[in-house]
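Hi there,

Here is the structure I promised to pass along. Have a look at it first, and then read on for what turned up.

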Amino acid sequence: PAPWQDHEIGGYYQKPTNIMRIQESNLQARSIKYADLSQIYNVLDILGSTPWRINKKVLNVIEAIWEEGGGEGEIPTKFYNYDDYIYSYQFKECSNYEEKSKLLKKIQSQKDQHSLRCDFTLKLNVAKAFSNVDQIYFPHNLDFRGRVYPIPPHLNHMSADICRGILEFAEAKPIGPNGINWLKIHLANVMGKDKLSFNERIAYVDMNMPLIEACAKDPLKNRQWLEYEDCWQSLAAIFDLTDALKCEKPELYLSRMHIHQDGSCNGLQHYAALGRDFAGAQQVNLAQSDKPGDVYTHVANMVQDRVNQEADNPSAKY
C-alpha cells in the first residue's frame, strides 16, 4: 500500500482515502488536519505492509458447498425456495392483520437472505479473483476512537469467520519446539473451548484427533467441523495441524496460520489495574489463573445469587 504521508494521502495510490473514518464531524476533520500523526502513519504502514494470501484448501471447500446449494457454515442458500415465496401483491391482498404480520416477517426474511447472498458472493468473488496471487495487502485506517481497521470492506482478516478462515499469511514461518501445542490451543479456541485451561485445551484436541484427521482428509464427507463455533477458522487450523503432525520434525513445519488475540473488557482492565483490584483482575485476565476469566458470567452468577436470596426472603421488597 501507499505509505501514509498526510491525513488524506496514503493507503491507495489512485484512490483518495482519509486516515480517519469521519462521521460528518467538522471537529474531527479539523483535529486530524493539524495533529502530528507521524507515529500513526508508521503503525498503519506496518500493518498495511503485512502480506496475505488466499488459503486455497479452505476456498475449495467453500466453493464446493456453495455449488451444492449452500445453507451451511455462514454460507447462505444459493437458490430461492419458490414453493413458499411471498410476493408483495400477496401482502396487499391480505385483509387480516395477523396474516399481514406473518407475511411481512416472511418478506423481511427473504430480503435478509438476499442481502446475505450478495454479501457472500462479494467475498467469494474477491477471494477467487486473488486466489492465484502470491501476496495481498490490506491498507488500514482508523475510526474516531483510534481503532485500526482494514479499508477493503468485503474480504479482510478482521471480518467474519469465513473471511478469517479463507486468509493466511503469505510468509510462512517455522512453528518452533512448542508450536504443535500452540496450534492445538488455537484449534481448541476456535472450536469453542477457549474457557478451558491450556492443558485441557490440548487434551481436548488430542482426544478428538481421529475426528480431526478425518475432517482434514475429506472435509466434505466428514462435516462435523461445521458444528464448531468458528467453523472456517477451525477448518483452516485442522488443515494446518494435521499437516504439521505429518512432518518428521514438526518444529520445522512452516505455518501461515494467523491467530487473533483480544483484550478482555479493556475498560474494566484499566479499572482493575488502577484500583489494584485482584478479584476484578482475575475476571478480566490481568492476573495469573489456570483458566481464563469471564467477567460476564461472573456478574451473571452474582446477579443470580442475589435473585435467589431475594426469592427465599419473604420480606424482600420485590
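Which residues in H8 meet which residues in H9? On the H8 side they are Val205, Asp206 and Met207, and their partners in H9 are Met209, Pro210 and Ile212. By type, the residues of this contact split into 5 nonpolar, 1 charged and no polar. As for geometry, the axes of H8 (residues 198–207) and H9 (residues 209–217) cross at roughly 65° and come within 5 Å. Please keep in mind that this is a predicted model.

Next, the nonpolar cores. The largest one has 46 residues, and the members that touch the most others are Ile62, Leu187, Trp225 and Trp232. Elements giving two or more residues to this core include strand S3 (52–54), helix H3 (56–68) and helix H5 (97–129). Helix H10 (231–245) is also among them, and H10 provides the largest share, 9 residues. There is also a second, separate core of 9 residues, with Ile19, Ile32, Leu37 and Leu44 among its members.

Trp225 deserves a click in your viewer. Leaving out residues up to four places away in sequence, Trp225 touches Val61, Ile65, Cys215, Pro219, Cys231, Trp232, Leu235 and Ile238.

Cys215 itself is buried, at 1% relative accessibility. Across the whole structure, the search finds 0 disulfides.

Terms used. Residues are numbered from 1 along each chain as its sequence is written. This is a predicted model: local features need pLDDT of at least 70, side-chain atom pairs count only at pLDDT 80 or more; totals for chains, interfaces and linings use all residues. Side-chain values use heavy atoms; hydrogens and water are left out. A disulfide is a pair of cysteine sulfur atoms within 2.5 Å. Buried means under 20% relative accessible area, exposed over 50%, partly exposed in between (1.4 Å probe, protein chains only). Axes are lines fitted to C-alpha atoms, for helices over the stretch in contact, and angles run from 0 to 180 degrees between N-to-C directions. Helices (H or I, at least four residues) and strands (E, at least two) are DSSP runs, numbered from the N terminus. Contact means heavy atoms within 4.5 Å. Ala, Val, Leu, Ile, Met, Phe, Trp, Tyr, Cys and Pro count as nonpolar, Asp, Glu, Lys and Arg as charged, and the others, Gly among them, as polar. A nonpolar core is a set of buried Ala, Val, Leu, Ile, Met, Phe, Trp, Tyr and Cys residues joined through side-chain atoms within 4.5 Å.
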